[in-house]
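Please load the model in your viewer and keep a selection panel at hand. The stops below go from charged pairs to aromatic rings and end at a pocket.

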Amino acid sequence: MSLALARKWRPRTFSELVGQSHVVSALTNAISQGRMHHAWLFTGTRGVGKTTLARIIAKALNCESLNDADPCGQCDSCLSIDQSRFVDVIELDAASNTQVDNMRDLLETAAYKPTVGEYKIFIIDEVHMLSRSAFNAMLKTLEEPPEHVKFILATTDPQKVPVTVLSRCLQFNLKPIPVPLIKEQMAKILDDEKVEFDDRGIELLSRYARGSLRDGLSLLDQAIAQGDGKVQEDSVKSMLGVVDDSLVRSLLGAILEQGGNPLVEKINDIERMGASFSYVLDEMATLIQRLSLFSLTTEGIDDDLIEGYQVLVNQTDDEHLQLLYQIVTVGKRDLPLAPNEKVGFTMVMLRMMAFLPALDSGVEPKKKITEVRQRVIATSKPTKTSAAVKNTKKSDASAVLNTNDEWKQFVSKNVVSGMAKMVAENAEFQSFSEGVLRLSLDSEHKHLLEDRYKNKLQELIREHVNSKCRLEIKVGVASDTLMADQVVESKNRLDQTTKDLEEDPFVKSLKSDLGGTLVTESIRPSK
Ligand SMILES: [Zn+2]
């Protein structure tokens, strides 16, 4: 194979195109009915087939023996368009500076009739980069298009195309090509090229192509070269700097078990393998997403993974997974800001470790932390928690509310969001008798005393004690409140966690290996 696969296998007819069936059917209909619009604009990210499609259209408009709207690929017109020597098909790349000067002149030739073909076809790639004078020249033609002129425009950035141009074009958005289609095409090409491959290898390459068949085929070229003429999972992994799924799982396992040493080892492993930390974060986010889904259904999960997933899921819960996902995706976003990828990655892992799930069967010594974290997790995801509230309510239907401690417990568990939570957290229990629950609200928060918040709170209390009680709130002294506890607790926890982390062998090695300092902000509950 001397020719690059992407070039050799560039689709030459509509039927060879991979993906974009919505555009292809619109185009073939227009062509077979002879009702071709005078200007088409294809938008979409790089490598999805915009200019390939434009060339096929140019051929279809000039082909001497059309095959159901598909160009034959054999006639003089088809062949010379494929070789870019058909005088009436003018291909311009607005992104390349070399052509900028004569682009306006070329566009002004639109007025002249085609030399050999029926149409004069302008294919302009990255059209948003045309100079103002070139745009004006094109606009002149677009406003009163002669019968013999067709424009096929392509851009990755349609927002930058002037509205005057956009409004005169038929616009089609080409979608990223789905992984299974890219994979299928790779398998077909490799079969044809008689190259040995395994399924996992091309699966990985297809995912890495990120919707671009052209990029996918360039990767395939590299994989063949680096894999001694074969495409196999191991060599593809080392080429892409990809780590094994099991490593990502054990990384998460180490985090959930709060194992500093195993975590350091895994991070060093990743570095030794020359893998991309950014890729590992992607894989971590994917794993967390799968685990979230796993608690609902095992559908689509390989049998040999189920046991491992179960072990991980047992150590976490839905809210916690949501929080971890957020930490990972935000961490990925901020990775370019870190001094280097390893440092950034390590901090993301530490941040994940700083939060524990609010499991009911929580380990005793960590209980205090768990309570605080439970609140942190609850506040960070207010929309999801109403479901959680309903669950706890069911489990202790005949709950009582007779002391301030019981009140605080109720608030931390059942009042999870909104202004009602603010009221409840700043109120102290007074009494509950004859169907009236009396609270005292700290005068600093009297502005919160609105009927709608009070009613919301009353509703939650009624659900909790399972009776039609009434809520009375008076403004006065309220010093022993949940909010007051939280302030103390959160400060204590921060001090303790900071101390623990300072003592942690992992953090110590981080400091000595990388000269890192502990960013205490990263270990504080983000309230
Ligand atoms: Zn032809």
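This is a predicted model: local features need pLDDT of at least 70, side-chain atom pairs count only at pLDDT 80 or more; totals for chains, interfaces and linings use all residues.

Residues are numbered from 1 along each chain as its sequence is written, and side-chain values use heavy atoms, with hydrogens and water left out.

**Charged pairs**

A search of the whole structure finds 21 salt bridges, a salt bridge being a side-chain nitrogen of Lys or Arg within 4 Å of a carboxyl oxygen of Asp or Glu. Select Lys59 and Asp82 to begin with, whose side chains meet in a salt bridge at 2.8 Å, N to O. Lys59 belongs to helix α3 (residues 50-62) and Asp82 to helix α4 (residues 76-82), so the pair ties together parts that are 23 residues apart in sequence; helices here are DSSP runs of H or I with at least four residues, strands are runs of E with at least two, and both are numbered from the N terminus. Both Lys59 and Asp82 are buried, where buried means under 20% relative accessible area, exposed means over 50%, and partly exposed lies in between, with a 1.4 Å probe and protein chains only.

Go next to Lys183 and Glu203, a salt bridge whose closest N and O atoms are 3.0 Å apart. This pair links distant parts of the chain, with Lys183 in helix α8 (residues 179-193) and Glu203 in helix α9 (residues 199-208), 20 residues apart. Lys183 is buried, with a relative accessible area of 17%, while Glu203 counts as partly exposed at 22% relative accessibility.

**Aromatic rings**

The structure holds seven aromatic pairs; rings of Phe, Tyr and Trp (its six-membered ring) pair if their centres lie within 6.5 Å, and planes under 30 degrees apart count as stacked, over 60 as edge-to-face and the rest as tilted. Select Tyr208 and Tyr279, which form a tilted pair, 5.6 Å centre to centre with 40 degrees between the planes. Tyr208 lies in helix α9 and Tyr279 in helix α14 (residues 277-294), so the pair ties together parts that are 71 residues apart in sequence. Tyr208 counts as partly exposed at 23% relative accessibility, and Tyr279 counts as buried at 6%.

Phe294 and Tyr309 come next: their ring centres are 5.6 Å apart and their planes are at 85 degrees, so the pair is edge-to-face. Both Phe294 and Tyr309 are buried. For a cluster linked by ring pairs, select Trp40, Phe42 and Phe172.

Finally, show the second largest pocket, which holds about 650 Å³ of space. Of the 29 residues that line this pocket, the closest to its centre are Ala6, Arg10, Thr51, Thr52 and Arg214. On a 1 Å grid over the protein atoms alone, a pocket is an open set of points where a 1.4 Å probe fits, with protein on both sides within 12 Å along at least five of seven lines, and lining residues have an atom within 4 Å of a point. Grid points are joined across faces, edges and corners, and a volume is the space filled by probe spheres set on the points. Which element gives the most to the lining of the second largest pocket? Colour α3, which gives six residues.
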